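Hi everyone, thanks for making time.

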Amino acid sequence: MSILDSAAAVAAGAAILEWIHLLTCRHGFWRADQRLQPSGDGPSHADVVAVIPARNEADVVGPCVASLLRQTHMPPLRLILVDDESEDGTRDVASDAARCCDAADRMVIVSGAPRPNGWTGKMWAVAQGISAAQRMNPRYLLLGDADIKYDPDVVRQLVTKAEAEGLDLVSLMIHLHCRSFVERLLIPAFVFFFQLLYPFPAVNDRRATIAAAAGGCMLVRAEALRRAGGIESIRDALIDDCALARRLKSSGPIWLGLTDRSASLRAYRGVKDIWRMVARTAYTQLDYSPLRLLVTVAGMVLIYGAAPIALTVGMTLGAGVPVMLGAVAWALMGLAYAPTLGLYRLSPLWALMLPASALLYTMMTVDSARRHWLGQGAEWKGRLYGGLAADPRMRAGRSMTRSPIGRQGA
């Protein structure tokens, strides 16, 4: 066996061992089985106020508002929409949607004030919404995004679970838009990587320290948020949902699950849209550490790249051992990925594309670091995030998570 054959075989063997470890020792993250179960009528007298920040969301905010105002939870949900300096008629579209639901009296639109230093745009908008909601004295706050169509029963089910289990936070990872080829290539992989980094069973284990949430749908006990220092305690967090989850779990239990019923309305038109989303925060999640970036790239190449490399080398040189080991590594990879593909109703054959998905996400992470080093940061909805020119309090990493995958947000 040549040196090249041997190197490919060793890499594939190492990948096999790592996949066995991930399948058996990573809290069963890959099963994608943390789901919100259907509930009965749910508890009464649990007032919920939804706080939705919206910046230039006229194309999606109407269905979002309608889905929230038509929730089956009782008493009826009230909605605070924070118009975060929109320039596209977001306010008018939201108002029209509320009137069509005969629920204009249950929605308040707050005009967002200019963002102070030290705050991210989304957190400042959320803070203004929570301030308005506090005057209604709700038991729970539903923190979400303006580009989501919520299932009619989701608030009732979230509240029922929170009340039954004494949870301070109940969060759902919304079903992301996944129709085009690019979305099918990258979106399920995004969800898979997130589960790998933050295994949902561990998040939901009161004894484990791992904490995470999905910002599109978070039901928060209002009193718990006050005890944790309020939303201002994470005012500089670019990955705000996980930062909030860590603060809340430090004093009470939380729960995170998956859903295929509440769905994102925002389509990704191509790789560029997803690339921009990931590059915004990927290097932030690594605490701007070149060493962590190097380890992340090496890990991604080994875990996801060893199988196709070994197969290619073995088939090219006619060496059976690298082919066999590469095939086993790829099969284990596919076994782990299959439940997430099932969540998105995709063929298991899409597992053959996971190495390509991983390569693209690795490149996005490297580009995120490049942007930071050049002082460019990442632009998101007209605002600059994450570069050397950003607010120093955002660079400090006080509220950052450590992950090679970017997160969506405003």
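Let's start with helix 9, residues 240-249: eight of its ten residues are buried, so this helix is largely enclosed by the rest of the structure. Buried here means under 20% relative accessible area, exposed means over 50%, and partly exposed is in between, using a 1.4 Å probe and protein chains only. Helices are DSSP runs of H or I with at least four residues, numbered from the N terminus. The buried ones in helix 9 are Asp240, Asp241, Cys242, Ala243, Leu244, Ala245, Leu248 and Lys249.

A quick word on what you're looking at. This is a predicted model, where local features need pLDDT of at least 70, side-chain atom pairs count only at pLDDT 80 or more, and totals for chains, interfaces and linings use all residues. Residues are numbered from 1 along each chain as its sequence is written, and side-chain values use heavy atoms, with hydrogens and water left out.

How confident is the predictor? pLDDT is its confidence in each residue, from 0 to 100. The protein's mean pLDDT is 90, and 90% of its residues reach 70 or more. Over residues 388-410, though, the pLDDT is below 50; that stretch still has 96 contacts in the model beyond near neighbours in sequence, a contact being heavy atoms within 4.5 Å. Where pLDDT is low, the predicted coordinates should not be read in detail.

Now, the aromatics. Rings of Phe, Tyr and Trp (its six-membered ring) pair if their centres lie within 6.5 Å; planes under 30 degrees apart are stacked, over 60 edge-to-face, and the rest tilted. There are 14 such pairs in the structure. Take Phe181 and Trp350: their ring centres are 5.6 Å apart and their planes sit at 45°, so that pair is tilted. Phe181 is in helix 6 and Trp350 in the loop between helix 13 and helix 14, so the pair ties together parts 169 residues apart in sequence. Buried or exposed, those two? Phe181 is exposed at 51% relative accessibility, whereas Trp350 is buried at 17%.

Another pair, Phe194 with Phe200, is edge-to-face, at 6.0 Å centre to centre and 85° between the planes. Phe194 is buried at 3%, and Phe200 is buried at 3%. Ring pairs also link Trp19, Phe29, Phe190, Phe192, Phe193, Tyr304, Tyr337 and Tyr361 into a cluster.

Last stop: the loop between helix 13 and helix 14 also holds Leu352, which is exposed at 52% relative accessibility. Thanks, over to you!

Key
Helix = DSSP H or I, 4+ residues; strand = E, 2+ residues; numbered from the N terminus. pLDDT = per-residue confidence, 0-100.
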